[in-house]
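Hi,

Here is the structure I promised to pass on. Have a look at it first, then read my notes below.

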Amino acid sequence: MTYGCLWWYYECPNCGHKFKYGTDQFEEFGEDFGKCPKCSTPGKFEKEGAIMPDDKLYEEC
């Protein structure tokens with residue numbers, strides 16, 4: 001049984017945007033993995049987990 005992918009949660013230090021990447025997307029995003037989808041600044045890693053209680057606050061990349 002599977003519960004889905006593991007998410008890495010970030011906040012952009014430049015624009016404050018909250019976003020998340022699934023660890024199954026490493027190859028898809030390559031060097032852009034972990035960068036803000038709005039301004040391309042590398043995000044500040046906050047936490048990781050399957051799905052967090054505040055998941056809706058983070059945009060899925």
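With 61 residues, a compact globule would have a radius of gyration near 10 Å, and the protein chain has 11 Å, which agrees. That radius is taken over C-alpha atoms, and the globule rule is 2.2 Å times the number of residues to the power 0.38. The C-alpha atoms fill a box of roughly 40 × 25 × 15 Å along the principal axes.

Before you go further: this is a predicted model, where local features need pLDDT of at least 70 and side-chain atom pairs count only at pLDDT 80 or more, while totals for chains, interfaces and linings use all residues. Residues are numbered from 1 along each chain as its sequence is written, and side-chain values use heavy atoms, with hydrogens and water left out.

Now the fold. Along the sequence the pattern reads β-β-α-β-β, so to speak in DSSP runs: helices are H or I with at least four residues, strands are E with at least two, numbered from the N terminus. The 4 strands make an open sheet with mixed pairing, in the order β3-β1-β2-β4; two strands pair if DSSP finds at least two bridges between them. At the edges sit β3 (44–49) and β4 (59–60), each pairing on one side only.

Strands β1 (residues 7–11) and β2 (residues 18–22) run antiparallel and are joined by 5 bridges. Here Tyr10 stands opposite Phe19 in β2.

Finally, 30% of the 61 residues count as buried, meaning under 20% relative accessible area with a 1.4 Å probe, protein chains only.

Cheers

How values were computed. Buried means under 20% relative accessible area, exposed over 50%, partly exposed in between (1.4 Å probe, protein chains only).
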